[in-house]
Amino acid sequence: MCGIVGYIGEKNCVPFIIGGLKRLEYRGYDSAGIALVQNQSNRVIKSVGKVAELENKVLSENISGKTGIGHTRWATHGIPNEINAHPHFNRDKTLMVIHNGIIENYAALKHNLKEEGYSFISDTDTEVLAHLIDNFLTKGYTFFKAVQAALNEVEGTYGIAAIYCKEPDMIVAARKGSPLVIGIGDNENYVASDVSALVSFTSQVVYLEDGEVVEVHKDKFFVKDIADKEILKETHEITLKLDEITKGGYPHYMLKEIMEQPESVTNSLRGRLLFDEGTSKLGGLIGFADRIAASKRIIISACGTSWHAGLVGEYMLEQFAEIPTEVEYASEFRYRNPIIKPDDTVIFISQSGETADTLAAMRETKLRGALAMGICNVVGSSIARESDTGVYIHAGPEIGVASTKAFTSQLSVLALITLLIARKKHLSKVDGQAIVNEIEQIPSKIKKILQLNYEIEKIAEDFVDSKNFLYLGRGYNFPVALEGALKLKEISYIHAEGYPAAEMKHGPIALIDENMPVVVIAPKDSVYDKVISNIQEVKARQGRIIAIASENDDEIDSLVDYSIKIPDTIRMLMPILTVIPLQLLAYHIAVKKGLDVDQPRNLAKSVTVE
């Protein structure tokens with residue numbers, strides 16, 4: 001979750017490191033730090049809070065150097081303060097280490113190091129790593145060999161970068177379970193945990209795999225595994241553009257990304273719909289589609305918003321592909337000895353493609369012989385590289401911590417997968433063509449909903465002081481109720497719960513009074529009359545109702561306090577539309593509360609630790 005950057009070359013590394021940390025601030029923003037090699041010694045500056053605080057310190061001290069590393073932290077071990085901020089150092093401050101991940105056996109390592117005379121000043125697991133590397137340096141190991149040896153004793157996950165003033169012409173970096181990429185420049189090279197930090201400087205990158213250690217010089221690099229076996233690496237071209245990771249005139253990334261959804265969904269669908277055949281074409285599934293269609297069972301594994309997308313996918317696949325489908329939290333999946341068989345297909349959904357729990361669940365699935373399919377956004381991510389087959393959602397970079405456009409693109413891709421598999425089974429060409437026709441209209445319908453932004457902002461004004469929210473939906477829209485509640489919790493810090501509408505009277509109805517806002521997702525579909533009954537139950541108890549309703553529904557207006565009217569579509573696609581007003585509602589409430597919607601407290605964009 002933390003952000004890592006490093007530079008070695010002929011230029012002053014400070015502008016790159018500060019700029020790179022700003023690009024990666026969505027990965028962690030409790031504290032930040034920078035370390036440089038200067039004249040055979042290290043220079044370190046740390047700060048609490050956003051990267052801007054670090055930048056002010058760095059500018060006031062006018063530091064420079066040609067080799068350096070930087071870090072922005074999301075706290076795991078130890079509170080956010082300057083002592084716990086990275087980089088961490090050895091006894092004589094000649095070695096500096098930054099780290100993303102968790103050293104699970106740090107307590108045992110710390111105990112052993114203390115017995116050898118080491119003392120500790122921070123509460124972090126990372127400081128153990130700095131002293132462990134130092135312990136091997138004192139035994140005569142080279143810098144690179146000391147890092148290798150230390151990592152052989154570490155249990156857990158890591159993405160690290162380190163500099164050593166006694167060997168100042170290199171950065172040593174390594175990964176296990178936490179992403180790391182090397183950027184290739186002209187007489188300069190870079191290290192980063194995300195390609196977005198590199199986009200202004202190079203398009204040539206090398207992705208590290210788990211267990212690999214790299215020695216980076218200004219004009220070359222060498223990769224080995226921790227057992228010292230040499231590894232040849234392939235260079236990849238990144239196509240990410242700077243304007244894709246800037247706000248583009250919007251006040252927040254989140255609003256920009258909400259407003260980009262007509263384009264992001266279009267990109268998810270582009271070239272993938274075949275009207276004449278009434279099916280979809282997914283290049284990543286070529287050679288695997290028949291195997292998926294023959295599955296006895298499909299399991300979808302994900303976390304957070306991606307888990308909600310998986311719930312919608314369950315409805316789609318069971319309705320149209322007629323394959324029993326289950327949805328699992330990736331964080332629980334491998335810890336309960338799941339029954340996975342070779343004729344199962346397991347779909348893993350992750351925006352970043354680096355979610356630690358989801359990646360671990362995928363590896364467990366492959367060990368048990370089932371087909372592992374990835375659905376992710378980030379090209380070259382671990383899930384994309386390690387899955388047997390998969391589909392990119394092509395939503396473009398999503399910087400806001402609260403996922404918006406990735407969710408609707410995930411739903412779009414799940415619809416394409418469902419269509420492809422259903423056509424291979426029982427779905428007729430005519431019915432497939434009808435679905436294709438509805439899918440093609442989704443981007444324009446999203447655009448129409450976004451025109452309601454001002455109307456939704458006005459509604460938000462009445463709920464800024466609310467302490468609780470209840471979200472209700474049925475069928476395909478129950479997962480949307482969960483997602484709407486999650487968005488509100490994430491960025492406004494208002495307690496919210498999503499429930500199946502029919503379950504309200506089995507408990508949550510006790511919460512409803514004149515102070516309880518209730519968001520009801522009520523398009524005119526097969527369960528509309530049932531949802532209207534639920535609305536009347538809320539109204540009888542003086543609940544304040546916001547309805548997401550069909551644009552041709554006039555009768556609902558007399559039953560609710562606020563109605564947000566959206567276009568109709570078929571049931572399987574409705575969640576792509578019904579979720580967008582909920583994204584905007586959460587956004588505007590949070591903004592009116594004066595909160596940082598892009599970087600909400602305690603959250604990070606990519607959860608790369610368990």
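A residue counts as buried under 20% relative accessible area, as exposed over 50%, and as partly exposed in between. These terms are applied below to a predicted model.

Salt bridges were examined across the model. Side chains of opposite charge can pair when their charged atoms come close. A salt bridge is taken here as a side-chain nitrogen of Lys or Arg within 4 Å of a carboxyl oxygen of Asp or Glu, and the count by this rule is 33. One of these joins D290 and K424, with an N to O distance of 3.2 Å. D290 belongs to helix α8 (residues 289–293) and K424 to helix α13 (residues 405–424), so this pair ties together parts that lie 134 residues apart in sequence. The relative accessible area of K424 is 41%, which falls between the two cut-offs, and K424 is therefore partly exposed. D290, at 55%, is over 50% and therefore counts as exposed.

A further salt bridge is formed by D343 and K296, whose closest N and O atoms are 3.7 Å apart. This pair links distant parts of the chain, 47 residues apart: D343 is in the loop between α10 (330–333) and β19 (344–350), and K296 is in the loop between α8 and β17 (297–302). D343 is partly exposed, with a relative accessible area of 30%, whereas K296 is exposed at 58%.

In the salt bridge between K256 and E260, the closest N and O atoms are 2.8 Å apart, and both residues are buried. R175, D210, R363 and E386 are linked in a network of salt bridges.

Helix α18 covers residues 574–592, 19 residues in total, and reaches 28 Å from its first C-alpha to its last, close to the expected 27 Å. Of the 19 residues of α18, 17 are buried, and the helix is mostly covered. G594 follows α18 and has a positive phi, near 75°.

Backbone geometry was also considered. Most residues other than glycine have a negative phi, and most peptide bonds are trans. The peptide bond from H86 to P87 is cis, with omega near 5°; P87 is placed in the loop between β4 (67–73) and β5 (88–89). K93, which is not a glycine, has a positive phi of about 60°. K93 is found in the loop between β5 and β6 (95–100) and is partly exposed at 47% relative accessibility. Q542 is a residue other than glycine with a positive phi, near 70°. The loop between α17 (528–539) and β25 (544–550) holds Q542, which counts as exposed at 53% relative accessibility.

Conventions
Residues numbered from 1 in each chain as written. Predicted model: local features only at pLDDT ≥ 70, side-chain atom pairs only at ≥ 80, totals over all residues. Heavy atoms only, no water. Helix = DSSP H or I, 4+ residues; strand = E, 2+ residues; numbered from the N terminus. Expected span 1.5 Å × (residues − 1). Buried < 20%, exposed > 50% of the residue type's maximum accessible area, 1.4 Å probe, protein only.
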